[in-house]
Amino acid sequence: MADDKIPRRQALNYLLGAGIGALGIATLYPVVSYIIPPKATGAGTSSVSAARIGELKPNQGKIFKFGNTPGILVLKPGGDPSSALGYAAFTAVCTHLNCTVQYRQDLKEIWCACHNGHFDLNGKVISGPPPTPLKEYRVAIKGDEIFVSSEEA
Amino acid sequence: MAFRDRLYNWWNERVDLDNLLAFLKHKTVPHHRFSIWYYVGGMCLYLFIVQVITGILLLLYYKPTAEAAYESVQYIMTEVPFGWLVRSIHSYAANLFIGLIFVHMFSVFLMKAYRKPRELTWISGALLLFLAMGFGFSGYLLPWNQLAYLATNVGTNFAVMIPGIGQWVLEFLRGGPEVTGATLTRFFGFHVAVLPGITTAVLGLHLLFVQRLGMSVPLSIEKEIAEGKAPRREIPFVPNFLYRDILGWTLALGLIVLLSSMFPWELGEKADILKPAPPHVRPEWFFVFMYQTLKYVPKAVGVFGFGIAGAVWVLLPFFDRKSNRGEPNSLYTIIGVIAVLYMAVFTLIGYVAPGE
Amino acid sequence: MRNTLILLIIAAGGSTVALAKSSSCIDCHISSEWVTDTTIVTDFTSGDIHFKMGISCDDCHGGDPKLGLEEGDPDLAMDPRKGYKPPPSRLTTPDFCGGCHSNIEYMKKYNPRLPTDQLKLYLTSVHGKQLYDKKDTKVAVCTDCHGIHKILPSSDSRSLVYHNNVPETCRQCHGSPQYMKGYKYNGRQIPTDQYDEFSKSVHGILVLEQGDNSAPACNNCHGNHGATPPNLASVSAACGECHAYNRDFFNASPHKEPWQDLGYPECEQCHGNHFIPPVNDEMIGTGESAFCLGCHEEGDGGFAAALSIKAGIDSLKQALESAEKVVKEAEERGVEGGQARFDLGAAKDNLTRVRSVIHTFDPQQVAEITTSGMRVAHQVEQTAEAALGDIKARQIGLAISLIVVLYVAIVLWRKIKQVDSRTDFVVRGK
């Protein structure tokens with residue numbers, strides 16, 4: 001009788017062990033996935049890698065993602081691509097009705113196609129309906145990456 | 001010698017495992033029709049551990065400043081693999097934890113388990129209640145969403161009612177006269193360092209007392225045994241009681257995971273200090289009964305009253321002489337039932353009643 | 001006592017008065033001992049632009065400012081032989097002011113950038129023609145708008161001709177039915193409700209309530225010195241000063257020439273002139289409040305175009321709305337971090353742009369914009385749906401873990417039963 005019970009006891013122990021093991025894996029898998037840092041550009045919208053050196057030619061602009069909104073990075077005409085001073089970065093959200101602006105190489109200005117708003121490379125409104133200048137971002141170069149941040153200089 | 005035995009001996013020679021194992025082997029837990037309530041305390045401990053683990057995981061990505069807190073929680077919810085799960089578990093387990101603490105406290109109260117010699121267990125337990133509510137209050141602000149900001153504003157406002165030092169307490173809590181980013185950082189410090197430190201110490205004491213004194217048996221059961229109407233029953237802690245504990249913990253985990261997956265915890269909108277407050281601002285549910293009460297009585301009276309009530313509640317074992325002598329005390333049972341009903345009813349009113 | 005007071009008054013205005021040459025005109029006219037109305041001087045010395053520039057009474061009125069006070073004889077100062085002329089009448093005011101302000105060499109000394117064509121323009125205006133041809137002195141002359149002795153530059157916010165004050169200034173005459181009685185334009189009595197209408201319009205609210213001087217006041221559309229109503233060919237030019245794209249689109253549209261032939265006032269036809277209400281998408285199309293039905297009816301090309309344009313806009317709006325819903329749900333469920341919202345912004349730009357492009361009244365150009373916007377919106381919606389689909393994966397994961405949990409619970413239950421069965425709970429001997 002005791003002999004009958006012992007294998008049964010062991011069977012139950014194995015089943016229990018297997019169950020707890022499975023539970024352990026089911027717990028460990030999400031935890032490990034969580035701990036491994038994701039590839040995305042980090043929480044908080046305060047700083048973003050907008051481009052690499054060499055990606056832009058002088059007198060060229062690029063739209064990049066800054067948090068949830070678009071930003072625009074311009075390598076100024078005659079600007080030094082390896083120095084932060086050669087670039088200008090702003091929010092690409094037009095201050096008139098929130099269309100996305102673009103860089104005009106012919107005008108050397110930032111321009112909004114919706115209602116013909118013009119901004120100079122200081123973000124100031126030159127003409128058109130935008131009521132306020134484009135918010136300027138800080139540019140910093142680290143390695144060969146161009147970082148744009150919304151922190152005050 | 002088998003490796004397992006060699007390992008055991010190595011530790012035994014240094015920390016006297018034999019003693020510990022003997023204690024565990026012989027530890028028993030009373031078994032009667034009310035012993036189901038014994039599991040609630042262990043469940044609270046389990047949930048506390050769940051909070052510590054998920055809290056540490058959240059700490060890996062959370063940023064405790066007004067500029068980044070909300071975004072970091074959003075990041076956890078949307079970009080970090082299983083971040084939504086970790087955060088939702090943390091939120092659900094927190095509420096379950098506090099809910100079960102109340103259940104634990106009232107079941108202990110109604111069974112008069114606070115009577116001699118377990119007064120210190122009760123007092124340390126009362127302290128743990130306040131610490132848990134502190135955890136809840138400080139943690140609630142951390143996502144820095146509009147709801148939490150308003151609730152914290154309302155909640156901390158009551159501090160001024162404390163006679164004499166009220167304004168000082170308010171500014172100490174808020175890190176200034178108003179709720180700002182400074183409050184957030186301060187609450188973060190409370191939530192992850194100060195409160196855990198104090199709780200570890202108090203919890204340690206609480207568990208020590210429980211281990212030293214064992215489980216209390218309700219007086220009615222003791223009477224039945226004394227009168228020979230029923231035998232004294234006890235079950236071994238290892239493995240019978242422990243397996244039951246683990247069963248409960250497993251089911252609790254399942255419930256929390258179910259809730260977290262079906263209804264991930266909301267993020268809401270980012271706190272906007274300049275936005276005017278909507279009419280229905282409420283603190284978290286476990287404060288609602290107090291908040292609602294304070295709408296019906298003058299604030300100073302209410303705050304003072306709660307202070308007194310809290311102090312009395314903590315010192316209860318010293319007032320209930322009859323239980324200390326081993327006599328039934330239906331007055332205290334009635335007080336306990338009234339307290340439960342009062343909290344439940346006022347919490348309900350707080351949610352159902354139209355706004356101010 | 002009174003003399004001390006006078007001296008103090010003069011001293012108080014000391015800094016500005018000190019700039020000017022000492023002048024018997026000022027010294028007499030500031031004292032109520034000599035004149036009843038001292039406000040002329042207090043006005044003049046407290047901010048008038050001429051005074052600030054060092055131009056004083058005698059530069060306009062002639063006479064000799066060095067004489068008259070000590071001698072107690074005003075005629076020594078107001079001496080016709082020294083060039084003194086009495087103040088001009090309304091009829092001669094424009095010529096009076098124009099004497100300096102049209103003189104290019106003279107004006108260059110003070111402000112090279114100030115225009116010198118005001119008199120010339122004034123002569124072409126309705127005001128000018130009425131004054132010179134009909135000798136009608138009720139019309140506005142220089143001093144009515146600019147003031148007499150306290151003339152402030154138009155950039156000074158206290159000036160009658162400061163941009164945001166212009167409507168009120170014009171209203172002094174044009175808002176009074178009694179004053180304007182009898183004046184006709186195109187055979188009809190000129191209305192006097194322009195200010196009231198303007199104050200309710202989008203432009204009026206900006207200028208009068210919000211003090212926004214980038215919105216037009218009367219002179220932006222009508223001109224200031226050469227004020228005339230903008231007529232047919234120039235309505236779109238007037239509005240197009242700011243609304244450039246709409247003007248260009250309209251001028252290239254099929255409405256431009258027919259409307260000119262019909263005598264329709266271009267932009268005003270749909271948008272009004274003084275009362276310009278906020279625009280909305282219902283103004284175009286074949287719905288109840290659409291303007292198109294004023295001329296077009298079912299079966300003609302215009303009706304079909306209106307139908308197609310409105311349909312395009314509505315479809316774009318619908319696509320945006322439906323994408324927005326899915327994106328919002330994905331964000332709330334925590335499966336979407338911001339890329340979708342970022343992309344949706346581009347599609348929203350299309351909606352903003354199309355509301356300008358409709359002024360081409362060309363269904364094809366409108367369709368180009370609406371279809372590309374809809375394409376982006378659909379793409380975004382699909383991406384967000386896919387993200388929501390991840391929730392499916394979550395729920396499968398959940399189901400699996402719950403199965404494991406239940407399995408463990410059941411095995412534990414069996415185990416409990418097992419260990420209980422070999423344990424005797426009853427405590428003996430206690």
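# A predicted model with chains A, B and C

Buried residues account for 32% of the 356 residues in chain B; a residue counts as buried if 20 or more other C-beta atoms lie within 10 Å of its own, as exposed if 12 or fewer do, and as partly exposed in between, with C-beta atoms placed from the backbone. This is a predicted model, in which local features need pLDDT of at least 70 and side-chain atom pairs count only at pLDDT 80 or more, while totals for chains, interfaces and linings use all residues. Residues are numbered from 1 along each chain as its sequence is written, and chains are lettered from A and ligands numbered from 1 in the order in which they are written.

Chain B has 15 helices and two strands. Helices (H or I, at least four residues) and strands (E, at least two) are DSSP runs, numbered from the N terminus. Of the contacts in chain B between residues at least 6 apart in sequence, 80% join residues at least 24 apart; two residues are in contact if their C-beta atoms, placed from the backbone, lie within 7 Å.

Helix 7 of chain B covers residues 146–157. At 1.5 Å a residue, its 12 residues should span 16 Å, and the end C-alpha atoms are 17 Å apart, which agrees. The expected span here is 1.5 Å times one less than the number of residues in the helix. Which residues of helix 7 of chain B are buried? They are B:A148, B:Y149, B:A151, B:T152, B:G155 and B:T156. These residues cover an arc of only 165° around the axis, which puts them on the same side of helix 7 of chain B; the arc is that of the directions from the helix axis to the C-beta atoms. An α-helix has 3.6 residues a turn, so residues three or four places apart point the same way. The cover over the buried residues of helix 7 includes helix 6 (119–141), helix 8 (166–174), helix 9 (181–213) and helix 12 (285–293) of chain B.

Among contacts in chain A between residues at least 6 apart in sequence, 39% join residues at least 24 apart.

Six strands of chain A form an open sheet in the order 1-10-9-4-3-2, with antiparallel pairing. Two strands pair if DSSP finds at least two bridges between them. The edges are strand 1 (47–52) and strand 2 (60–66) of chain A, each of which pairs on one side only. From one strand to the next, the twist averages 30°; axes are lines fitted to C-alpha atoms, for helices over the stretch in contact, and angles run from 0 to 180 degrees between N-to-C directions.

Strand 2 and strand 3 of chain A pair in the antiparallel sense over seven bridges, and A:F64 stands opposite A:G71 in strand 3. Strand 3 in turn pairs with strand 4 of chain A, antiparallel, over five bridges; here A:I72 stands opposite A:F90 in strand 4. In strand 4 (residues 87–91) of chain A, five of the five residues are buried. Two bridges join strand 4 to strand 9 (residues 136–142) of chain A, again antiparallel, with A:F90 opposite A:E136.

Not counting residues up to four places away in sequence, A:G71 touches A:A50, A:F64, A:F66, A:A89, A:F90, A:T91, A:A92, A:Y137 and A:V148. The C-alpha atoms of A:G71 and A:F90 are separated by 5.8 Å, although the two are 19 residues apart along the chain.

The contact between chain A and chain C takes 23 residues from chain A and 23 residues from chain C. On the chain A side, helix 1 (2–35) and strand 3 (69–75) are the elements that give two or more residues, and helix 1 gives the most, with nine. By class, that side has 14 nonpolar, seven polar and two charged residues. Ala, Val, Leu, Ile, Met, Phe, Trp, Tyr, Cys and Pro count as nonpolar, Asp, Glu, Lys and Arg as charged, and the others, Gly among them, as polar.

C:T352 lies in helix 23 (residues 339–357) of chain C. C:T352 is buried, with 20 other C-beta atoms within 10 Å. Leaving aside its neighbours within four places in sequence, C:T352 is in contact with A:L97, A:C99 and A:C114.

Chain C also meets chain B, in a contact of 24 residues from chain C and 25 residues from chain B. Helix 24 (residues 363–421) of chain C supplies the largest share of the chain C side, 14 residues. That side divides into 13 nonpolar, five polar and six charged residues.
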